[in-house]
Amino acid sequence: MASSVPTSELSLSGMNFQLSEEHLMIRDMAREFAETELKPGVIDRDEKQYFPKELLQRMGELGFLGMMVSEEYGGGGMDTVAYVLAMEEISKWDASASVIMSVNNSLVCWGVEKYGNEEQKRKYLPKLCSGETIGAFCLSEPEAGSDATRQKTIAEDRGDHYVLNGTKNWITNGGIAGVYLVMAQTDVEKAHKGINCLIVERNSPGFEIGPKEQKMGIRGSDTHSLNFNDVIVPKENRIGEDGFGFKFAMSTLNGGRIGIASQALGIASGALNLALEYAKIRKAFGTEIMNHQAIQFKLADMATEIEASRWLIMKAAREKDMGIDYVQSAAMAKLYASKTAMKCADEAIQVHGGNGYVKEYHVERFLRDAKITEIYEGTSEIQRIVIARSIIKG
Ligand code: CAA
């Protein structure tokens, strides 16, 4: 019997994968922004390790910084599907811009809106969405990366305030943020159940921004270590109940992983686009190289793995929007898409031959940018732990 589901409306577990007019509009707007405003200076920004304030503000004006935040708090009121579409487009040219965007959207704005109180939402969300300021998510420490429960940063409870001491490492937006969500241990006896998430403002006395990290990739984005020396944080800056900090971090990271998966997808599809373009014009052995099967097989494998990544990401995004548990899907999407980004960037260099090794062809940057997607917001090994625990639990 013929299916009654149109081919444009493929469904999986009752999910509708059709994109709305609004989704397509956002995707096109992000594509245009990436091609006309991000691409032109991207090589220079990568080389000199900076991201201009004006570009950040432009991202705010276009609504890319608070996409999923409700309109009443200054956001775009969009769903996760819209967010991943925009992330993919922006990452096709500038993965530094997209990590700034991803941390602000998934880890900071989403977390504050979902778990913050009314006062916190009104105070912080409008400026985080507009680009007036940007957020940073501070979980990793020198001795607590993958093993995130072992927080050494201490938030000592002093009645109406906390006193914060410790160091955070590899913090995206670390030097440019105005709002920092800091995970810290209040009650060591309670292990991860004694961790709190505190909102720390940039100008707090005792808060120091360490030197900028010199990175292999996503060099336009700003990464620092942070030091907290007797920083006084009022109790009203704690997100959620006492001891909710670790759950807060894990819960926001589940959504963050969908964002990083779509960043990886963007790098992979950007690499395929450039490889394809090059294969159509570059000649070798008397014909365009796209006519050689050695090149065709590369392009075919890249396209297939990109498509598989896109479906995994879409499934996770839809589950999140539908209120279905998406922990496993998000981890699978990130695991697979980050591997795809590495492979596609590498193959795109190979298709370009010697030119692929040269900055002006972009693909060497894609390979350097791709690597971090296998590391941050949970390494590939951590994603496998999350997936294995989920399938074993059933
Ligand atoms: N979602 C919701 N809750 C989760 C969770 C998840 N994905 N993973 C764990 N939890 C909960 C558990 O249910 C448990 O809660 P209860 O005690 O109430 O049962 C609690 O957290 C502790 O979990 P485990 O007992 O499983 O702890 P563990 O130490 O064995 O494993 C881990 C925890 C999954 C390895 C976790 O430490 C982890 O995810 N590590 C990776 C950290 C990470 O992703 N860091 C990224 C840094 S941020 C970043 O990169 C941002 C950037 O700048 C780009």
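The ligand takes up the space of the largest pocket. Pockets were located on a 1 Å grid over the protein atoms alone, as open sets of points with protein on both sides within 12 Å along at least five of seven lines. The model is predicted: local features need pLDDT of at least 70, side-chain atom pairs count only at pLDDT 80 or more, and totals for chains, interfaces and linings use all residues. Residues are numbered from 1 along each chain as its sequence is written, and side-chain values use heavy atoms, without hydrogens and water.

The shell around the ligand holds 24 residues, each with a heavy atom within 4 Å. Ser146, Thr172, His192, Arg257 and Arg389 are the closest. By class, eleven shell residues are nonpolar, eight polar and five charged. Here Ala, Val, Leu, Ile, Met, Phe, Trp, Tyr, Cys and Pro count as nonpolar, Asp, Glu, Lys and Arg as charged, and the others, Gly among them, as polar.

A polar side-chain atom of His192 lies 2.6 Å from a ligand oxygen. An N or O atom in the Arg257 side chain is 2.8 Å from an oxygen atom of the ligand. At Ser146, a polar backbone atom is 2.8 Å from a ligand nitrogen. The ligand alone exposes 1100 Å², of which the protein buries 76% (Shrake-Rupley method, 1.4 Å probe).

Helices H5 (95-115), H7 (245-281) and H11 (380-393) each supply at least two shell residues. H7 gives the most, with six. Helices are DSSP runs (H or I) of at least four residues, numbered from the N terminus.

Notes:
Polar contact = N/O pair within 3.5 Å; in protein donor to acceptor, adjacent residues only side chain to side chain. 1 Å grid on protein atoms, 1.4 Å probe; cavity = no way out; pocket = protein on both sides within 12 Å on 5 of 7 lines; lining within 4 Å. Sits in = over half its atoms within 2 Å of the grid points.
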